[in-house]
Amino acid sequence: MSPLPKVSPEVARRRAIFLTSSVVVLVLAVGALFLAARSYLAQGQLPLPGLPEAGAAEQQNTVAPPECTLLVSGSTVGLSREKARVLTDLAARDQNAAEPVSNTEAKVRVLWPEQSGQAAGVADALRGLTGPALDCSATLGPAQLQTMGPMGLTPRAEAVWNAVAKVFGTLPAGGFKPGGVTTGHIPGSSHYEGRAIDYMYRPITPKSIRHGWVLAQWLVAHAEPLLIRTVIFDRKIWTPGPAGADAWRPYTVTHGQVDDPSLQHLDHVHVDVLRNTGA
Ligand SMILES: [Zn+2]
């Protein structure tokens, strides 16, 4: 090995100063860059790549409540209004034809394959075996004040009458007559304006209660297009509301004998339609 060339002390001193200065400058430059980057990030001026903005993340987590819910074997299942109409039509027709619930169950499997695993529970709920199982949100459109026609019903109430008859056949009913009714109902009743129908389910038996719930649930599913404002049956009342609201609630008799089965609506389904917009 050849010996290293000799360097004079002066050159060695200059090299040492140059190296030390370079290291100091480099450390200062890196430190300044780090501080600048941290400052920008703190002000939110540099979005982090690959991460969604906060607003977008919140929107992804927001799930709109379903238009309708059905209580099946103690659990709530969401469904569209359209599906609720189809299923309540099915329940009405099967009830009229005295089809066994097992037949409704088989049809539920076809119409609502997502719930085929609990089709028996769905069929029971639709056929009124579990009381008020179906609830739908509804926003009623504009409506003008109407006068009663020859049947003693306003055109909107007559539309309900016709729609129900088309699916259920002609049901025993009261609370209206040609020329109007003026007695037999609470003061200010919608019956006196021809806006209400009472579908009778007498005598009161477990079967009549089941059948009443089939109609009551059908009315709830069809409330929006028919502008239905109230459904009352079996000591429960439903009025249209936003999705997620608890629309079926206890109905309290406020006039007359409070334990009267008729006033409690155990023997009939009451339905009335909008008077005019918002009323
Ligand atoms: Zn009534």
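Author: Start with one definition. A residue is buried if 20 or more other C-beta atoms lie within 10 Å of its own. It is exposed if 12 or fewer do, and partly exposed in between. Keep in mind that this is a predicted model.

Reader: What makes β6 count as largely enclosed?

Author: Five of the six residues of β6 are buried, so the rest of the structure largely encloses this strand. For the protein as a whole, 30% of the 279 residues count as buried.

Reader: Which strands does β6 pair with, and what makes that a pairing?

Author: A pairing needs at least two bridges found by DSSP. β6 and β9 have four and run antiparallel. β6 and β7 have three, again in the antiparallel sense. Both pairs therefore pass the cut-off.

Reader: Which residues stand opposite each other there?

Author: V231 faces V271 in β9. I232 faces I237 in β7.

Reader: How many residues lie between β6 and β7 in their hairpin?

Author: Two residues lie between them. D234 in the turn has a positive phi of about 55°. R235 lies in the loop between β6 (228-233) and β7 (236-238). Its phi is also positive, about 65°, although R235 is not a glycine.

Reader: Why is R235 called neither buried nor exposed?

Author: R235 has 14 other C-beta atoms within 10 Å.

Reader: Why is S73 called exposed?

Author: S73 has 12 C-beta neighbours inside 10 Å. Exposed means 12 or fewer, so S73 qualifies. S73 lies in the loop between β1 and β2 (75-79).

Reader: Which residues is S73 in contact with, beyond its neighbours within four places in sequence?

Author: Q118 and G121. A contact needs C-beta atoms within 7 Å. The C-alpha atoms of S73 and V122 are separated by 8.1 Å, and the two residues are 49 apart along the chain.

Reader: How do you know that α5 is mostly covered?

Author: Count its residues. Six of the eight in α5 (119-126) are buried. They are A119, G121, V122, A123, A125 and L126. What covers them includes β1 (68-72), α3 (81-96), α4 (101-111) and β3 (134-136). G128 follows α5, with a positive phi near 80°.

Reader: Which residues touch the most other members of the largest nonpolar core?

Author: L134, L219, V220, I228 and V231, in a core of 50 residues. α7 gives the most to this core, with eight residues.

Reader: What is V231 in contact with, leaving aside its neighbours within four places in sequence?

Author: A216, L219, V220, W238, V269 and V271.

Reader: Last one. Where is the cis peptide bond?

Author: The cis bond joins R202 and P203, with omega about -10°. P203 lies in the loop between β5 (196-200) and α7 (206-221).

Methods
Residues are numbered from 1 along each chain as its sequence is written. This is a predicted model: local features need pLDDT of at least 70, side-chain atom pairs count only at pLDDT 80 or more; totals for chains, interfaces and linings use all residues. Two residues are in contact if their C-beta atoms, placed from the backbone, lie within 7 Å. A nonpolar core is a set of buried Ala, Val, Leu, Ile, Met, Phe, Trp, Tyr and Cys residues joined through C-beta atoms within 7 Å.
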